[in-house]
Amino acid sequence: MLNKMAFPPEALGAFAGIYPNSPAKLTHGLVGHPLLSLDALAQLAQALPAGSIEYNSGFLPIGIAPEDVPAPELGVVETIRRIAESGSWVALKRIEQVPAYAGLLRDVLAELKAVVAPRTGAMMQLEGFVFITSPGGVTPFHFDPEHNILLQIQGSKTMTLFPVEDEVLFSAPVHEDFHLGRHHRNLPWRDEFAAKGQAITIQPGEAIHVPVKAPHWVQNGDAPSVSLSVTWRSEWSYAEADARAFNSVLRGFGLHPRSPGAYPAQNRAKALAYRALRKVRG
Ligand SMILES: [Fe+2]
């Protein structure tokens, strides 16, 4: 249990002013939380299934014999403990698989429910991620399907966010392929996009609301960084995804369907049509 609120009243007020459409900088009270120290996160990495850990250790020598490459669990623990040295990153995914972290995620997201539920419906598929990165690391340009708040625990990072609904950045078929799992996670970057970006820098105790599918890239500051990402899906976000998928079907018939509307558009008819189609296709 949290012994204090994760989000102070002014953060909840700011969130209420922008959810779900706009990025915003918020504040939070999770700095120093015992579950988010590097030691605790190294233990979390040992408890998570291997499939929930992604990392890149910059520490292996160039000429290492295969039998000397550390086993993945040992490798990730070592990487976390030595994160201050340059060139590595760790993503711990779906941390709610470990009960203490499920409790933390539930408590943090419960504080947002009064703002979220009336707008985008019940909070579903609650998932948490921890990103541990060496100084200077970059996360390439991409978007994500979840509602997300990224809380900075240690170090700093700058996220540059782009408008969700700007199909000059990404055409409708790119959105459709994303929901159908057809394209690589990273999005193609063009220098003329830069002018449309909004850069938000967060220090420990600060957070960013990342709207569903707002394209973004991240630059780490010059200290090791630990961030917690708390995410959820909503009936609204599922409907947008399914309406995109249905549009892809229509496009296959040579039609030029209208893109799903931004919130508060309901996108329901197309979403229901796609769900029916998916059932038929099995
Ligand atoms: Fe992301």
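Biologist: Pro20 sits in the loop between α1 and β1. What kind of peptide bond joins Tyr19 and Pro20?

Modeller: Start with the general idea. Most peptide bonds are trans, and most residues other than glycine have a negative phi. Now the case here, in a predicted model. The bond joining Tyr19 and Pro20 is cis, with omega about 5°.

Biologist: What is the peptide bond from Tyr263 to Pro264, cis or trans? And where is Pro264?

Modeller: That bond is cis, with omega near 15°. Pro264 is placed in the loop between α7 and α8.

Biologist: You mentioned phi. Which residue other than glycine has a positive value?

Modeller: Gln125 is such a residue, with phi near 50°. Gln125 belongs to strand β4, residues 124-133.

Biologist: β4 takes us to the sheets. What is the order of the strands in the open sheet of seven?

Modeller: The order is β1-β9-β6-β11-β4-β3-β2, and the pairing is antiparallel. Next, find the edges. They are β1 (24-27) and β2 (53-56), each pairing on one side only.

Biologist: Take one pair inside it. How many bridges link β6 and β11?

Modeller: Seven bridges, in the antiparallel sense. Strand β6 covers residues 147-154, and β11 covers residues 225-233.

Biologist: Which helix lies across β1 and β9?

Modeller: Helix α1, residues 9-18. It runs at about 160° to β1. The strand β9 here is 206-210.

Biologist: There is a sheet of four strands too. What is its order?

Modeller: The order is β5-β10-β7-β8, open, with antiparallel pairing. β5 (138-142) and β8 (198-202) are the edges, and each has a single partner strand, so one side of each lacks a neighbour in the sheet. The twist averages 15° from one strand to the next.

Biologist: How many bridges join β7 and β10? And what is the bridge partner of Thr160 in β10?

Modeller: Five bridges, antiparallel again. β7 spans residues 157-161, and β10 spans residues 216-220. The partner of Thr160 is Trp217.

Biologist: On to helix packing. At what angle do α6 and α7 pack?

Modeller: Read the angle, then the distance, then the handedness. α6 (residues 172-179) and α7 (residues 235-252) pack at about 115°, with axes 8 Å apart. That angle makes α6 roughly perpendicular to α7. The crossing of α6 past α7 is left-handed.

Biologist: Which residues make that contact?

Modeller: From α6, they are Ala172, Pro173, His175, Glu176 and His179. From α7, they are Ala241, Arg244, Ala245, Asn247, Ser248 and Arg251. Sorted by class, the contact of α6 with α7 has four nonpolar, four polar and three charged residues.

Biologist: How far apart are the axes of α7 and α8?

Modeller: The axes are 7 Å apart, and the angle is about 70°. Helix α8 is residues 268-281. So α7 is roughly perpendicular to α8. α7 passes α8 in a left-handed crossing.

Biologist: Which residues of α7 and α8 are in this contact?

Modeller: α7 gives Ala239, Asp242, Ala243, Ala245, Phe246, Asn247 and Val249. α8 gives Arg268, Lys270, Ala271, Ala273, Tyr274, Arg275 and Leu277. The contact of α7 with α8 divides into nine nonpolar, one polar and four charged residues.

Biologist: Last, the domains. How is the chain divided?

Modeller: Watch for domains built from separate segments. Domain 1 is 9-162 + 197-233, and domain 2 is 238-281. Their centres, taken over C-alpha atoms, are separated by 30 Å.

Biologist: How many residues of domain 1 are in contact with domain 2?

Modeller: Five residues of domain 1 contact four residues of domain 2. The touching side of domain 1 has two nonpolar, two polar and one charged residues.

Definitions and conventions: Residues numbered from 1 in each chain as written. Predicted model: local features only at pLDDT ≥ 70, side-chain atom pairs only at ≥ 80, totals over all residues. Axes fitted to C-alpha atoms, helices over the stretch in contact; angles between N-to-C directions. Helix = DSSP H or I, 4+ residues; strand = E, 2+ residues; numbered from the N terminus. Parallel < 35°, antiparallel > 145°, perpendicular 65-115°, else oblique. Left-handed = near helix turned anticlockwise from the far one by under 90°. Contact = placed C-beta atoms within 7 Å. Nonpolar A, V, L, I, M, F, W, Y, C, P; charged D, E, K, R; others polar. Domains from an automatic or database assignment. Pairing = 2+ DSSP bridges.
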